[in-house]
Amino acid sequence: MGFFINGKEVDDASSNALKDIRALTRDDDLNSIKEQGIYRANFSDGMPKNTPNRSELSNPDYFTVVVINHDDGQVHQFILSQDTLFYRWTRYGGLTGKWQRLIFSNDLQQLTNRIQALENKIGGVIKGLYIKLFSCFFDNGKVAI
């Protein structure tokens with residue numbers, strides 16, 4: 001049993017459900033790329049319009065765009081770039097949806113580490129303020145600084 005998109009088996013050798021279409025250039029606009037398939041982009045050819053912010057791509061010099069047509073005129077677009085994955089979709093119209101960055105477990109771990117560091121820092125500040133406040137009320141108005 002294979003992987004199916006719109007009733008076509010993608011990993012079947014005779015299937016062209018997701019075929020390699022072409023390389024994209026600065027003259028392309030991702031809002032108008034609706035033909036199902038796989039597209040390539042690289043910085044030396046110029047980035048297509050309506051690409052996610054270059055600083056958000058883990059390797060902004062090269063990425064792949066996968067377009068999947070779905071029922072009722074829906075179009076799904078994926079951008080894959082090394083360790084980043086973006087997604088958007090639209091139905092009954094032009095591709096103007098906002099790119100959503102999907103996170104991986106390493107992204108989640110980095111966020112968890114940053115939150116923990118902030119909690120530790122905030123906790124230290126609160127503890128210091130508590131000590132100063134306590135000193136003010138219980139040490140005859142002398143604040144330890």
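Strand order and burial in a predicted model

Guide: Read along the sequence, this protein follows the pattern β-β-β-β-β-β-β-β-α, with helices (H or I, at least four residues) and strands (E, at least two) taken as DSSP runs numbered from the N terminus. The model is predicted, so to speak of local features requires pLDDT of at least 70, and side-chain atom pairs count only at pLDDT 80 or more, while totals for chains, interfaces and linings use all residues. Residues are numbered from 1 along each chain as its sequence is written, and side-chain values use heavy atoms, with hydrogens and water left out.

Visitor: Which strands form the open sheet, and in what order?

Guide: Six strands form it, in the order S3-S4-S5-S6-S7-S8, with mixed pairing, where two strands pair if DSSP finds at least two bridges between them. The edge strands, S3 (20-24) and S8 (100-102), each pair on one side only.

Visitor: And how does S7 run against S8?

Guide: Strand S7 (residues 84-90) runs antiparallel to S8, and three bridges join them; Tyr87 stands opposite Gln100 in S8.

Visitor: Switching topic, what share of the residues is buried?

Guide: Buried residues (under 20% relative accessible area, 1.4 Å probe, protein chains only) make up 26% of the 145 residues.

Technical notes
Buried means under 20% relative accessible area, exposed over 50%, partly exposed in between (1.4 Å probe, protein chains only).
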